[in-house]
Amino acid sequence: MYNIFDMLDDPMMIVEFEHSRWYVRDVNEAFTLLSGYKNNELTDIDPDSLLKDGLPFHHLMTQLTAEEGDSSFEWELIARLTAPIPVKLTCRKLQEDNLTGYIVSCKDLSELNWIDDFAQENQIVMTLSVSEQYRIMDAKRYYTPLKQRTSSLVNQLMFDFVTEDSVKPLRRVMENARKNGSEEQMELRMSISDKSYLASALIKPFYYGNKTFRSFSIIITELNLHAQDEDSSYKLRMLMLNKNISATSLAQSTLISLTTISKIRNGKIKKPQRLTAELIAGELGVKPESIWSSFKR
């Protein structure tokens, strides 16, 4: 039983009530990753110390066993090296000799809560969960122009759905997010079912309780069809992204106001003045006509 228990993907611990108190008898590998504690550390620990704000473990178990099989409890698990982890706890009774034991399952809610918090004030088109190897583990549709099932994205490499000019910037942004533990925003071009989309993405890394990397969560906030090469604002944004030049730094180096730069990037100014175009293009190492076709002679 314990070998199967250890192989299960859901973080679980076996707890028993003996001598008027609760004990952690065993945990599976998934729980050690989630919490950051080693097996022997958890079996020696007071279960009360695993719960944030001093919630008594017996109170938790009272809640979970009130309606066996149907009851759940959301709280925060104290991790060894990271911030407390929001989890959903459920349990089922374990029959073994004369001891009162339970298997307690812990579902990590970190990504779900982050997405839910964002969705309260922002529109979400689609979400992706991406592994350390950049493989899509899960995809959820909110409102998208896609004509195919999001399940077709699962188990595929993230870069398989990104156009060639966006691969390097996306990899750099994801690596930067992972290194710094930061949220990163970017625009990229995605290619799905032979159609091109201009996407806006918010990327956040998530970690296990021992600070090792777990996964990326990506929120797609815009997914617009027909982002054509003739779109000068798109080409400008992609050039800036490829060269890792922000709007602020571009404004400083060209002495063009940040407001004007932003309006050009967002397509509110379709054709800037010739000098403005030359300053921007020169800073990006290209000719103005490579961004604005109207300047071609």
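Let's start with a hole: the lining of the largest cavity has seven nonpolar residues, with no polar and no charged ones. Keep in mind that this is a predicted model. Those lining residues are Met-13, Leu-50, Leu-51, Phe-57, Leu-60, Leu-77 and Leu-89. How much space lies in the largest cavity? About 30 Å³. The structure holds one cavity of 30 Å³ or more. How can anyone spot such a gap? Rolling a probe the size of a water molecule over the atoms shows where empty space is left.

Now for the pockets, which are open. The largest pocket has a volume of about 930 Å³. Its lining takes in 30 residues, and the ones nearest its centre are Lys-107, Asp-108, Glu-111, Ser-129 and Arg-214. Which helix gives the largest share of the lining of the largest pocket? That is H5, with five residues. Other elements that each supply at least two residues include helix H2 (29-35), strand S4 (85-96), strand S5 (99-108), S6, S7 and S10.

The second largest pocket holds about 530 Å³ of space. Closest to its centre, out of 22 lining residues, are Gln-185, Met-186, Glu-187, Leu-241 and Arg-265. Its lining has 10 nonpolar, seven polar and five charged residues. H6, S8, S9 and H7 each put at least two residues into that lining.

Next, look at where the nonpolar residues gather. The largest nonpolar core has 33 residues, and Val-130, Met-158, Leu-170, Met-190, Ile-218 and Ile-220 touch the most other members. Strand S6 (126-130), strand S7 (136-141), H6, strand S8 (184-192), strand S9 (195-207), strand S10 (213-225) and helix H7 (232-242) each bring at least two residues to this core. Apart from it lies another core, of 27 residues, including Tyr-37, Leu-51, Leu-89 and Val-104.

Leaving out residues up to four places away in sequence, Met-158 touches Leu-128, Val-130, Tyr-134, Ile-136, Leu-170, Met-190 and Ile-218.

How many of the 11 residues of H7 are buried? Nine of them are, so H7 is mostly covered. The buried ones are Ser-232, Ser-233, Tyr-234, Leu-236, Arg-237, Met-238, Leu-239, Met-240 and Leu-241. What do they pack against? The partners are H6, S8, S9, H8, helix H9 (258-265) and helix H10 (274-284).

Ser-166 sits in helix H6 (residues 164-180). Is Ser-166 buried or exposed? Its relative accessibility is 1%, so Ser-166 counts as buried. Beyond its neighbours within four places in sequence, Ser-166 is in contact with Leu-188, Arg-189, Tyr-234 and Met-238. The side chain of Ser-166 also reaches the backbone nitrogen of Arg-189, at 2.9 Å.

Asp-46 belongs to the loop between helix H3 (39-43) and helix H4 (57-64), and with a relative accessible area of 41% it is partly exposed. Asp-46 and Val-24 are 22 residues apart in sequence, while their C-alpha atoms are 7.9 Å apart in space. Thr-248 is in helix H8 (residues 247-254) and is also partly exposed, at 41%. From the C-alpha of Thr-248 to that of Ile-261, 13 residues away along the chain, the separation is 8.5 Å.

We'll finish with backbone angles. Most residues other than glycine have a negative phi. Against that background, look at Ser-20, whose phi is near 65°, a positive value. Ser-20 is in the loop between strand S1 (12-18) and strand S2 (21-27), and it counts as exposed because its relative accessibility is 68%. Lys-211 has a positive phi too, near 75°. This lysine, Lys-211, lies in the loop between S9 and S10 and is exposed, with a relative accessible area of 56%. Just after H7, Asn-244 takes a positive phi of about 55°.

Conventions. Residues numbered from 1 in each chain as written. Predicted model: local features only at pLDDT ≥ 70, side-chain atom pairs only at ≥ 80, totals over all residues. Heavy atoms only, no water. Helix = DSSP H or I, 4+ residues; strand = E, 2+ residues; numbered from the N terminus. Buried < 20%, exposed > 50% of the residue type's maximum accessible area, 1.4 Å probe, protein only. Polar contact = N/O pair within 3.5 Å; in protein donor to acceptor, adjacent residues only side chain to side chain. Contact = heavy atoms within 4.5 Å. Core = buried A, V, L, I, M, F, W, Y, C linked by side-chain atoms within 4.5 Å. 1 Å grid on protein atoms, 1.4 Å probe; cavity = no way out; pocket = protein on both sides within 12 Å on 5 of 7 lines; lining within 4 Å. Points joined across faces, edges and corners; volume = space filled by probe spheres on them. Nonpolar A, V, L, I, M, F, W, Y, C, P; charged D, E, K, R; others polar.
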